[in-house]
Amino acid sequence: MKYILLFLLFFSNFFSVILAQNKKLDSLVKITENNPKQDTNLVKNYMIISQTFFSQNNMPKAVFYNEKAIKLANELKNLSYMSIAYTQLAYNYFILGDFPQALQIAQKSVSYAEESQKDDALVNALQILGKIYEGQNKVSESKKLYEKVLKIHEKNIAKNPNNLYFQSNIALTYNNLGNADAILGNFDEALEYQKKSLKIRESIPQQAPVLTFSYNDIAYVYGLKKDFKNATLYYEKAKDNVEKYKDSLYIGLIYINLADAYFNTKNFTKSFFYAEKGLKISQKSNAKQSILQASNLLADLYKETKNYEKSLFYKDLFIAYTDSIYNEKRLAEITKIEQNYALDKEKKKTEILEKEKIIRETKIQEQFYIILFSLVGVGLLFALATFLWRNNKLKQKNNEILLEKNEEINQQNEEIQQIADNLQMANEQIVASNRVISENNKNMLDNITYSQRIQEAILPEKDKILAHLPEHFIYFQPKDIVSGDFYFFEHVNQDADQKSIFCAIDCTGHGVSGAFMTILANDLLHNIIINQHITSPDLILNELHKAIRKALKQNTTQNRDGMDMAIVVINHQNNTLEYAGAKNPLYLIQNNKTEPQTNPQPEIQIIKGDRFCIGGEQREIERIFTKHIFEIQPNNTWFYLCSDGFQDQFGGENREKFRSTRLKDLIVEHHQKPMPEQQKILKQTLENWKNQANEIQTDDILVIGGKI
């Protein structure tokens, strides 16, 4: 956000022209395209149109008209305008995140500016090249370019010291140098440059609105220096200035920066006030980077104030599966101890048996010698004496062996007892760990259950739907506590037409991960329909696709999350039903009452959605969805929308998917029954299907039916 603010400041003079042209964009495009005179005025118009589309976030058209400006400037051989147009195009590609392309174009801009020998073209080209280097973390190179720009400004201002244009430009250059030094850690030099910039701007009345940026950047440097008192002081000044000039583009960002400063000074009351105020403004303007910054700050604030449920709401609810890994590891350790204990016990038993065998053999040998010497008689007394002597020695030796073995047995018994004690201690630790794990699991379940209430709160009110579509049902059954599927309904009055908009949305994943996507999608749909006044289903899908890719930064990251959906728009005045789909179909039944009923089974139309999903990887230049329009036969038109959860449920005698053909036949068979009864039939049919194979629910389920 810091860099984005600096770029907007860099082009602030030019944007004043853009904002004035926004309301007349269509007429300006027509006049420009029909202008036969190929001159520098046409080049200027192309660049104004380009930057107007850029301010509307229409990057393809911004690049298109910039390239037309470059082509015409080249044909006119006007080096100065070629440099300016290339500078503008480099900025477009920089915002798109294509740094190599932006760098190559910026270098061309510098070359043409140097060849034209126009200082104003050169300083603009060098400034944008410096910003591109900053974006690539080449801050030292950026600073060298800003110093070169500063020398050019100092030369011009020496010739014209009272020229406000040169003074404004040198203030901007001081601003850029200060930011570069702040990133490099040169805080004192950074403050000196920022205060020089501030002094110049304070002396020029026309620069009063951009004092916001000077105050903000000075506060930013004080924050890096951990001088939060001064940081808060200058953020307050930035806040006062942005409120004074009603600068809606930056007011949310300034409030959030001020809230962060108060957080660092432990003033949580003011931090809460400005963080929530900044978040509300950022959500209204759909400023995603500011929303993320505010959400992170609010999570820390609620954590500091020990409101963990709200802190969890603003943080990602991801918990690693360390519980199961920990249990498996501890179980492996216990098994290993038990195996070692059994082996030691068996080994000791074998050793005791061996000792007993030695003792038995010794006794047998003693008896043998006694019998032998008794038979030999007195004549062998000498031999007997010798035998007794040897036998005594052998007994002593055996006794010594037996004593050593007994000592070894006693020592081993002590070791076995120690192992048993360790085993008991390990079991006690496991019991304690399991208690902690159970408490953590309970806390996690409580938090997810709380998240369920939040997700249910974003769903449309039933009374609102009944007011505009009395005959309908919504079969909504999440797989887990929270769902990746959700439905959306809105009724709008537009151009004297009353329109009811119904959506069935299937987000990537299910459970907590899918639930986060539903909150994002719901917010974006409200913005597109209510704020942008877009009610055509194909255009809604197009805008939602762009918004999802922008919100998840899918141009610059590996994030490929998205959603499938089907949307219908009912025009109550024209009696038409419009449909567009991203992968998900529309089931439509219309019985023609004027024709003889030769076939008692009505025909059902299955209108497939386009093969694209919303968000995710995009290989085409622009994703276009198809709109289908149908005339409504009053009280004789039924429509059905669904995610893939119902037809993908496993069950049946052969454990197979339910499939869309069975769903189609089920709808046709029961479509003339009351809507609540149709919902019960769908639910009971699916439960019976799962029970046949003892299957559990494998995905979130959403089926919407309506009769017009």
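Good morning. I begin with L372, a residue of helix α18, which covers residues 322-376. Please keep in mind throughout that the model on the screen is a predicted one.

Next, I turn to helix α14, residues 251-264. From first C-alpha to last, its 14 residues reach 20 Å, close to the 20 Å expected at 1.5 Å a residue. How many residues of α14 are buried? Twelve of the 14 are, and the helix is thus mostly covered. Among these buried residues are I251, L253, I254 and F263, as well as G252, N257 and Y262. Just after α14, the backbone at K266 adopts a positive phi of about 65°.

Five strands form an open sheet in the order β1-β13-β10-β6-β7, and their pairing is antiparallel. At the edges lie β1, residues 472-477, and β7, residues 604-607, each of which pairs on one side only. On average, neighbouring strands of this sheet are turned by 15° against each other, with direction ignored. In general, the strands of a sheet pair through backbone hydrogen bonds. Here, β1 runs antiparallel to β13, residues 701-707, and six bridges join the two. For F473, the bridge partner in β13 is G705.

Thank you for your attention.

Terms used. Residues numbered from 1 in each chain as written. Predicted model: local features only at pLDDT ≥ 70, side-chain atom pairs only at ≥ 80, totals over all residues. Heavy atoms only, no water. Helix = DSSP H or I, 4+ residues; strand = E, 2+ residues; numbered from the N terminus. Expected span 1.5 Å × (residues − 1). Buried < 20%, exposed > 50% of the residue type's maximum accessible area, 1.4 Å probe, protein only. Pairing = 2+ DSSP bridges. Axes fitted to C-alpha atoms, helices over the stretch in contact; angles between N-to-C directions.
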